[in-house]
Amino acid sequence: MTDIDPTVAPSGPGCVECDEVGGWWFHLRRCAACGHIGCCDSSPAQHASRHAADTGHRIVQSFEPGEDWFWDFRAERPVAGRVLADPQHRPLDQPAPGPAGRVPADWLDKLN
């Protein structure tokens, strides 16, 4: 598998694992190899970097509106990427942190 597959769509509008357990996230990251959407390392569960460690899929792209940067978890640095399949970011009506209704009032205290 390549590090970046521009044909793969995102796995959904939010963090796969957080959605499974009713959790919440600060920002979202998209695996450039398989489209998995995970929460960022500032989020309590850090699912994007966990996905990278578990699968060897080292490159993510921000899944936040207005951001198009890529990050290589193995090299721990930004890298150049390619345009990935749409959609390019989480739904605009979904807040950050999100999703609406699952973010605790003291969310700032829970960031990493």
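Biologist: Which residues does Leu 28 touch, not counting residues up to four places away in sequence?

Modeller: Bear in mind that this is a predicted model: local features need pLDDT of at least 70, side-chain atom pairs count only at pLDDT 80 or more, and totals for chains, interfaces and linings use all residues. Numbering starts from 1 along each chain as its sequence is written, and side-chain values use heavy atoms, leaving out hydrogens and water. Contact here means heavy atoms within 4.5 Å. On that basis, Leu 28 touches Pro 13, Gly 14, Cys 15, Ile 37, Gly 38, Cys 39, Ser 62, Phe 63, Glu 64, Arg 90 and Gln 94.

Biologist: Which residues make up the largest nonpolar core?

Modeller: A nonpolar core is a set of buried Ala, Val, Leu, Ile, Met, Phe, Trp, Tyr and Cys residues joined through side-chain atoms within 4.5 Å. A second, separate core of 6 residues includes Ile 4, Ala 32, Ile 59 and Val 79. The largest one has 8 residues in all: Cys 15, Cys 18, Trp 25, Leu 28, Ile 37, Cys 39, Ala 45 and Phe 63.

Biologist: Is Glu 64 buried or exposed?

Modeller: Glu 64 is found in the loop between strand E3 (59-62) and E4. Buried means under 20% relative accessible area, exposed over 50%, and partly exposed in between (1.4 Å probe, protein chains only). At 4% relative accessibility, Glu 64 counts as buried.

Biologist: How far is a polar atom of the Glu 64 side chain from the backbone nitrogen of Leu 28?

Modeller: Leaving aside neighbours within four places in sequence, Glu 64 is in contact with residues including His 27, Leu 28 and Arg 29. From the backbone nitrogen of Leu 28 to a polar atom of the Glu 64 side chain, the distance is 2.9 Å.

Biologist: Which strands stand at the edges of the sheet?

Modeller: Helices (H or I, at least four residues) and strands (E, at least two) are DSSP runs, numbered from the N terminus, and two strands pair if DSSP finds at least two bridges between them. The open sheet has 5 strands in the order E2-E1-E3-E4-E5, with antiparallel pairing. One side of each edge strand is left without a neighbour in the sheet, because each has a single partner strand; they are E2 and E5 (77-79).

Biologist: At about what angle does H2 run to E2?

Modeller: The buried residues of H2 (47-55) are His 47, Ala 48, Ser 49, His 51 and Ala 52, and they pack against H1 (16-21), E1 (28-31) and E2 (37-39). Axes are lines fitted to C-alpha atoms, for helices over the stretch in contact, with angles from 0 to 180 degrees between N-to-C directions. H2 lies across E1 and E2, and its angle to E2 is about 120°.

Terms used. A polar contact is a pair of N or O atoms within 3.5 Å; within protein, one must be able to donate a hydrogen and the other to accept it, and residues adjacent in sequence count only if both atoms are side-chain atoms.
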